[in-house]
Amino acid sequence: MKTALKALFSTNPTLNFNSYCKRCGSLLKNFSDKGLVTEGTALHCHLLKQGIFSEKFVAIKLLIMYLDFRQLAEANQIVKEFNGFNLVVQNCLINANIQWGSLSEARKLFEEMPERNEVTWTMLISGLMKYGRVQESMWYFEMNPFKNVVSWTAGISGLLKHGLSFHGLKLFIRLLESGVKPNQVTFTAVISACIETGDFELGMSVLGLIVKTGFEANVSVCNSLITFCLRMREFDMARRVFNRMDTRDVVSWTAILDIYVEMGNLGEARRIFDEMPERNEISWSAIIARYSQSGDHLEASKLFRRMVQEGFKPTISCFSRILSTLASLENLRAGRNIHAHIKKIGIQGDVFISSSLVDLYCKCRDTENGRLVFNSIENKNVVSWNSMLGGYCMNGQMDEAKYLFDNMPTRNNVSWGAIIGGYVEHKQYDKVFEVFNVMLLSGESPTKQTFSSVLSACASVASLEKGRDIHGKILKQGFHYDVYLGTALTDMYAKSGDIESSKQVFDRMPERNEFSWTVMIQGLAESGLAKESLSLFGEMERSSSVAPNELMLLAVLFACSHCGLVDKGLEFFGEMESVYGVRPKGRHYTCVVDMLSRSGRLYEAEELINSMPFQPEANALAALLSGCKTYKNEEIAERTARKLGELAERNSAGFVLLSNIYASAGRWVDVSNVRKLMREKGLKKSGGCSWVEVRNHAYSFYSEDGTHSKSAEIYDILELLQSEMMAL
DNA sequence: CTGGTTTTCA
């Protein structure tokens, strides 16, 4: 900009006066757009020196610039130089007041004007529309004596912006009837109305009109046509429009880029992006958003870095997008940098930005900083509250979550879903049902995700009654079994012991993914239908394209273990890597060790543990110990126990088992040694837990004393019952 | 000279 100014100062003497003024004018407009106050003032001084400041064209640009900068003293100075009433100057003043949101001042100026032109009217109409005052705007529209294309378009697009597509289109019809010719701007606006209403037929007839009036070559019209085709999923037509254009701008390229993304071809979209003749911050945002959406957060953040390096200013949406990408990458360091930048340019107050920031800190497990950002949001909306709520939930701070939830000004089904999901995630199942019931009572409709969460809670507490109830509610809501809901139902029925219903749901699912198969295979195995489980696995291999994953193979091993098909299980285990390409994890070894130990093949089990390429799970050793107990093999038990002792794993189950084995062998000294060891390591026997349901509330009881608020009374009653039983 | 339109997004 500085160089442009210099070039102008050392001006070309051959430049004539008019083009000189024009160049000054466009420079001033440029300064005004980019907020370059110093440069603008400097040019003003220069013009004063040259004595051409009162030239009307230049003066108007100067006035607009000073109004833009809100330098009212200078602006007033220029107004004075026009000596009284000037229509264009008054128009500029009205426009400035509209920009500043002083609508009453703008209207006062409008009313006081001795004469008005079509621009005056149009400005007021579009100004009122801009602030959502549709009724008043339409009133002025009807009063307007100069209904030209621009004011028609202003009225139409104003209605469209406020979701009144139908009224907008009706106004468009009136425009056609009035005899005024619509132009390219009108058509672009009307096409976006067709996009809004999703009316393909109407769009096509507008297209006919466009062709008839000869606007089909206009860039803006074609751009909106491409978007129209995109929304109607007419990808071929979109490409035809694009290919036919003889001039394309950055908007056209960005629009066609999105066509390929929608067609699921991100690679082709990227190729277009790389080959675009020109890019702007919106095209950058678009491609970054698409990478982020498709889960390639690394590429998204790489592109963001390139975008900034190439000097593009990210838009607000781009910032919030990249923040959520960094949140997924849990890249707190980069996130903090961007946070600092956001503060510097002063957009931290934006609800989308601040909610993304809350999410970023929480996903990086820094709920404290998340809370600080949350507290700083002035106009919190549901999304901001939900981000903070979700943050507490994902970090298991359920007390904070509940407190926040109880104090939210408004809740939507996302909020309910978040807190319910949090309780499920952190195994507080009694709370899940409690909150879910309140949710239903409040009249909020659960989403599919919330239903899935609650179903998994039912599965975990094996509450068939509740599960059936939820199933009924799902049907009532009219949700059909999609993959997620169907899988959750299958799992719930299987875990609650109703394997028949489980199979029924599974059979009716229109689509199954690897989780669905896993759940069913595991469900059958755990219900003692191990043979059926294995044959279902066979069916899956034959009939679907789903590849067995780690979890599913675990279920298969489990099935073999539970129907005593030890050799079959060993065969599967051997094939895991070679046939299915899944490297056995600790859990798989544990399962096989368990299988061998249960059938008394203790030496093989021990050998398998010794052959493991990594540390065995404590559970594997525990399983072997358990086998030793059953088959009375103290020799292996001794060795295994030693290994378990060496294992630094904080797993108390193994120790408990160990002490039980010693106890059953009557080796009380060893028992007390193990207990001592546990105390030294700070391990506690994880308490058993039981619960009863009374009127939709689950009451939990833990094996440690005194954890229940009414344990004293409960024990009193137990004692009473006991003494009555003795009396019998 | 001053006014109306199109592309990304939560």
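**Close-up 1. L721, a partly exposed residue of a predicted model**. L721 has a relative accessible area of 46%, and this value is why it counts as partly exposed, a class that runs between the buried limit of 20% and the exposed limit of 50%. The residue is found in helix α42, which covers residues 711–727. L721 also belongs to a nonpolar patch on the surface, together with Y715, I717, L718 and M725. The accessible area of these residues together is about 530 Å².

**Close-up 2. The largest pocket of the predicted model**. Here we look into a pocket with a volume of about 460 Å³. Its lining has 18 residues, and those closest to the centre are F304, R305, V308, N337 and I338. The biggest share comes from α21, with five residues. By residue type, the lining of the largest pocket holds ten nonpolar, five polar and three charged residues.

**Close-up 3. The second largest pocket of the predicted model**. Now for a pocket of about 350 Å³. Its lining counts 16 residues, with G421, G422, V424, E425 and S453 nearest the centre. The elements that each supply two or more residues here are α24 (382–394), α26 (413–425) and α28 (448–461). Of the elements, α26 gives the most to this lining, with six residues. Sorted by type, the lining of the second largest pocket has nine polar, five nonpolar and two charged residues.

Technical notes. Residues are numbered from 1 along each chain as its sequence is written. Chains are lettered from A and ligands numbered from 1 in the order in which they are written. This is a predicted model: local features need pLDDT of at least 70, side-chain atom pairs count only at pLDDT 80 or more; totals for chains, interfaces and linings use all residues. Side-chain values use heavy atoms; hydrogens and water are left out. Patches are made of residues with over 30% relative accessible area and no salt bridge: like charges are joined within 9 Å, nonpolar side chains (Val, Leu, Ile, Met, Phe, Trp, Tyr) within 5 Å. Accessible areas come from the Shrake-Rupley method with a 1.4 Å probe; for residues, only the protein chains shown count as cover. A salt bridge is a side-chain nitrogen of Lys or Arg within 4 Å of a carboxyl oxygen of Asp or Glu. Helices (H or I, at least four residues) and strands (E, at least two) are DSSP runs, numbered from the N terminus. Buried means under 20% relative accessible area, exposed over 50%, partly exposed in between (1.4 Å probe, protein chains only). On a 1 Å grid over the protein atoms alone, a cavity is a set of points where a 1.4 Å probe fits but cannot get out, and a pocket is an open set with protein on both sides within 12 Å along at least five of seven lines; lining residues have an atom within 4 Å of a point. Grid points are joined across faces, edges and corners, and a volume is the space filled by probe spheres set on the points. Ala, Val, Leu, Ile, Met, Phe, Trp, Tyr, Cys and Pro count as nonpolar, Asp, Glu, Lys and Arg as charged, and the others, Gly among them, as polar.
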